[in-house]
Structure formats: structure tokens, C-alpha cells
Amino acid sequence: MRKDVRILLVGEPKVGKTSLIMSLVSEEFPDEVPLRAEEITIPADVTPERVPTHIVDYSEAEQSDEQLYQEISKANVICIVYSVNNKKSIEKVTSHWIPLINDRRDKDSRVPLILVGNKSDLVEHSSMETILPIMNQYSEIETCVECSAKNLKNISELFYYAQKAVLHPTGPLYCPEEKELKASCIKALTRIFKVSDLDNDGILNDNELNFFQRTCFNMPLAPQALEDVKNVVRRNMTDGVKDNGITLKGFLFLHTLFIQRGRHETTWTVLRRFGYDDDLELTQEYLFPLLKIPPDCTTELNHNAYLFLQSVFDKHDKDRDCALSPEELKDLFKVFPYMPWGPDVNSTICTNDQGWITYQGYLSQWTLTTYLDVQRCLEYLGYLGYSIISEQESQAAAITVTRNKRIDLQKKQTQRSVFRCNVLGARGSGKSGFLQAFLGRNLPRQRRIREEHKSYYAISTTYVYGQEKYLLLHEVVPDFEFRSEADLSCDVACLVYDLSNPRSFEYCARVYKQYFMDSKTPCMIIAAKSDLHEVRQLYSLSPLDFCRKHRLHPPQPFTCNASEAPGRDVYTKLTTMAMYPHLTQADLKNSTFWLRASLGATVFAVLGFAMYKALLKQR
């Protein structure tokens, strides 16, 4: 909401602008009225909305046209004062003041207007019959108030309505001519409904309504109040209540009713709680809360964030097959202003035989986004309403910023769950196949991936000593001269060569010697396409001798050209190397070490599958 409100009073001379201000301040009619009142500021603690309010007077006798134009451009709301006993001052509202104000404001930033009929103590009749057609003609007019500076009638109400016109404007919400909500308001309220519909059944049941009420207004609804609300909807529309819950149509009807009854602050309270600004756009502060990430630190989702994302998956997995069909995924992203995941996502994470994103793949993609682009992750969580549903201050509460990697090396242990492996190799060496094999895709399945849908990333879980970790593989495009620091920054490097191509290994050797030989980044060499005939590499040392000379683990044979899913042992080894970069190559060559790591992975994977099946039965 705005930090302050600036109210400008304009009108013909002698209509009582200055008297209104002085009557408000002194709570009595002034004996002597100056030509113009000085600007006054009403402190936040004495205004109903708890916002400082500046009241500015205008005097034709004391101020130039240029000064008036400046005040019009600065005002948040303008009160056009007329005298109820002076027809000329009423005519001037439409012939002079409204055109003048509109000429000085952009169409996109029209200022709300309040019509103020002063000196109601001097007449017995109301000016409303004359004013109502004017209000119908100009949508920027919020309301009309008849008052009297002399007997203090409606003075405080006048300034309350002016303040309300700024803080809770009707304009963005409602079209008075059509008597219905504006499209942008419907769009915002529809997102709010979908976020609040925790089980995604298309209705807000009593529990969801109470949670919504508590979230927005800090208090639950009494059972009778809940029934009264539903009865109001039932009486006014046939499909507003279903299975004793409020439908989207009923929800939109309630807000239309609030606005029509002058209670648009209720709708604004809801909109602002869910992150919207005065233009019904989600604010930058809501979507991108402050999050400090020191150098050499990474970003991961914490346990509560994963629980939230699991609940989002569950509510959209209608057929309970532990995968999101294209329709289910589209439904999940309806609360977004755009589709955030493109077709390349399907080749970045695990999918089922139909190409649908699995539960594991879904969590993997969120993990990848958090690691590579945490600001985008915060934005996405904002659209899903993370801070509201999880009752956190902001999405930043979902993120763990890991400690500096140097501390991990010193302590010889890490608290991280996501490890980055850069995959390097000459063109055609088998890097893409290595990435896709990690997702369980053999060569025949890989050939079905369209070129434009290919991804340079692959992410999934591995298990080391019974701990579930994410391994993020990044295929670095071979561009020897122009490799960036970001390309080289990783927890483990994987150098891939094609053992059937005699010139393939040379690239790996050059990359290792130039970038990794003197670094603390552990490296593994992969002899890809091991189903083919191995040829002698045209390099001064054989791959095995090169590994011996540089104390590297021997080249790991790898192929994805098989009828079954490729093996995962090599990925467990890469994750282990990333987790324990302090271990010597002698430790890594020890077969008992790998056996212990892999055994823990196998046991945990079996247990995990059993738990997964049990959960599936419960669901």
C-alpha cells in the first residue's frame, strides 16, 4: 500500500475549500478564513488507514496556473469542491475542472476525483440529482459527498473517502457502466482462488475458506458467518455454491458485491495480501524478495520448500500416476502469467514412457532452477503463493544458501545436496548421450528427442552412503578459446572421449592440462561408446597412461547403446567425488571405497522404492 496520501482541494472561489480544511483541523468553523490554508499533514496514527495524509489547498487569488498544474500532477486524489447553493460552481465541475485535471494527467495515470458539495447547511434540498449524471459520465469520479464546513457535517467522512479513493481505488477493480469486475481484477482473483483451493477440486470448502480468511484478515469465520456467506451466494446465483463450497463464480460474485456496497477495501486487502499493486500486477518486492548470496556459495531448496512443491504436485496429479500429463502441467501453471517450462525440460529431467514429467523429474527441475537461477525460482514460488500457503514472510524462506566451498574443503565434509558436474569433450564424443543416459534413456530413446528440444543440462538423484543427492550434469559446448569462468566452475569435471575415434582423447588431455591439472576440482575420464571397437588414440600417451601420470582414476568405459536402461554406477562415483573432493586418487581407486558408497546407494534406493509404493497406496 502507499506510504502516504496527498489530497488536493480545487474549485471556484468562495465555495469553502479553505473552510473545510480548517474545520477538519480545529473541529470548529473558523471566524476568519484566509485566502489559502497552508499544507497540513495528518499523522498516520490518527487516520483510519494508518497512512500519513497531506492536505493541500488551492487559491486562485494566491497561486498561478503553473503552480496549480504542479499540484495536480503531484496529487493522489483531487476533491472538486462546489457550493450546493451555487449552480454556476456546479456547472464549472464539468465545464472547467474535470477537463483541466484530465488534460494535466496521462490517460494511464488518471487521478481519482471526489465531488464535494459544501454549504449543505444553507439549503434544504440535495444536489445529488444534478450530480449523479456527472458521476455516471466520468468513471474517474469515485464518490460525491455533501457536507458543511459550518456545522462540521461529513467533514471527517470527506477526507476518509478521499484517502480511501487512493488506497482502495474502485477504478482498477470495477466497471460501473457494465456493473461487473474488470478483466485484470478477474484474472488476479482467479489466481488467488486457485492458490487457495488447496485440493484443486474447483471449490473452496470450509477449511480452505477459513484458511483464506485467516490469511487475509487474521481471523477465521464463525460457522454461522460461513453459512451466511454461502447463503448470500446461493440466493444470487445458481452455480456459486457446489458441494457446500464456494466456486470460482461464487468467489468473484462476492467481490463484486463488496465493491457494489462500497467495501472495496475488502477486495484490496485480499489482493495486496497475495502480492498485487495498485495496477493489479504482482509487485517486485513480492516476486523477488531480498536474498544475499555470498561468493562461492550455492542455492538449494530446503525441506519445507520440497514439502510445499510436493503438495502442489499432488493437487494437480489428478489420476495419481505420479506423473504430470500435459493437461495437468498446464493446469499447474495456470497461476503463472506465462508457461515457464519449455519442451527442453523433458530432456533435462526424468519422464515416464509417455514422456510425461515424473514426480522425481518435477522436483529435479525445481532443484535445477534454484541452483542455476534462484531469482527465477523465487518468482515461480511467488506465483504459486508459497509465502501465503506456507505462512512465511517471503519466498526467501524456501531457500538455503550453502556455506563457502572452502569451508567444506577445510572441514572435509559438506552440507550441500546439489553437486554440479561439467561434462567436457570434443564434438561427437558422446557427451549428450552421457547426459541422457543419466535420465535412464538408452540410445533408441535418445534418438526420439527432437534437435530443438535438446538440453545442455540433466539432473536427477543419486545415492551416496544412503544419502539422496542431486547430480547436475552440464554439457559444456567445445569452444576451447572462449570458455568462461562459469563453464569451469563445478564440483567435479567429467572428460568424455569417443574410444572409436583416434582424435577424440586429445581434446580431453588439452582441457585437463589447461584448466584442471592445477585446480582442486576432481576429474574423471569417460571412455564413451564402449560397445564399439576401441582404436589407438593419436596422442603421446594412451588414456590409461595419461590417467596414471596425472594420478586420475582409470578411464571409465561407458555406453548407452543397449536395449535396457544404462547403468548408474558412474554417476554415483561422480557424486561421491564431488562430495569428497579432499580424497586422494588412491582412496578413489580403492574398490572397497566404491563398494561401500554404491552399496549404501542400492540399499537406500530399494528402501526408497518401497516407501514410494507405500505412499502411493495411501494416496
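Me: Which residue just after H1 takes a positive phi?

Reply: That's glutamate 27, with a phi of about 60°. Keep in mind that this is a predicted model.

Me: And H1 itself, which of its residues are buried?

Reply: Helix H1 covers residues 17-26, and its buried residues are Lys17, Thr18, Ser19, Leu20, Ile21 and Ser23.

Me: Switching to the nonpolar side. How many residues are in the largest nonpolar core?

Reply: There are 73 residues in it, and Tyr362 and Trp366 have the most contacts inside that core.

Me: What does tryptophan 366 touch, leaving out residues up to four places away in sequence?

Reply: Its list is Leu301, Leu309, Trp341, Cys377, Tyr380, Leu381 and Leu384. There is also a second, separate core of 29 residues, which includes Phe434, Leu471, Phe558 and Ala578.

Me: Nice. On to charges: how many salt bridges does the count come to?

Reply: The count comes to 20 salt bridges. One of them joins lysine 74 and glutamate 71, at 3.9 Å from N to O.

Me: Where do lysine 74 and glutamate 71 sit in helix H2?

Reply: They are three residues apart in H2 (residues 65-74), so about one helical turn separates them. In general, an α-helix has 3.6 residues a turn, so residues three or four places apart point the same way.

Me: Buried or exposed, for glutamate 71?

Reply: Glutamate 71 is buried, because its relative accessible area of 12% falls under the 20% cut-off. Lysine 74, on the other hand, is partly exposed at 46%.

Me: Which residue forms a salt bridge with glutamate 265?

Reply: Its partner is lysine 164, with the closest N and O atoms 3.2 Å apart. Glutamate 265 is in helix H10 (residues 264-273) and lysine 164 is in helix H5, so the pair ties together parts 101 residues apart in sequence. Lysine 164 counts as buried, at 7% relative accessibility.

Me: What about lysine 230, which side chain does it meet in a salt bridge?

Reply: Lysine 230 meets aspartate 206, at 2.6 Å from N to O. That pair links distant parts of the chain, with lysine 230 in helix H8 (residues 223-236) and aspartate 206 in helix H7 (residues 206-217), 24 residues apart. Lysine 230 is buried with a relative accessible area of 0%, while aspartate 206 is partly exposed at 27%.

Me: Now sheets. What is the strand order in the open sheet of three strands?

Reply: The order is S9-S11-S10, with antiparallel pairing. Strands S9 (203-204) and S10 (241-242) are at the edges with a single partner strand each, so one side of each has no neighbour in the sheet.

Me: How many bridges pair S9 with S11?

Reply: Two bridges, in the antiparallel sense, with S11 spanning residues 245-247. Isoleucine 203 stands opposite threonine 247 of S11.

Me: Last one: what does UniProt list for residues 304-339?

Reply: The record, an unreviewed entry, gives "domain: EF-hand" for that span. In the model, residues 304-339 are 56% helix and 6% strand, and their end C-alpha atoms lie 25 Å apart.

Methods:
Residues numbered from 1 in each chain as written. Predicted model: local features only at pLDDT ≥ 70, side-chain atom pairs only at ≥ 80, totals over all residues. Heavy atoms only, no water. Core = buried A, V, L, I, M, F, W, Y, C linked by side-chain atoms within 4.5 Å. Buried < 20%, exposed > 50% of the residue type's maximum accessible area, 1.4 Å probe, protein only. Contact = heavy atoms within 4.5 Å. Helix = DSSP H or I, 4+ residues; strand = E, 2+ residues; numbered from the N terminus. Salt bridge = Lys/Arg side-chain N within 4 Å of Asp/Glu carboxyl O. UniProt positions renumbered as here; feature names shortened; annotations may be inferred. Pairing = 2+ DSSP bridges.
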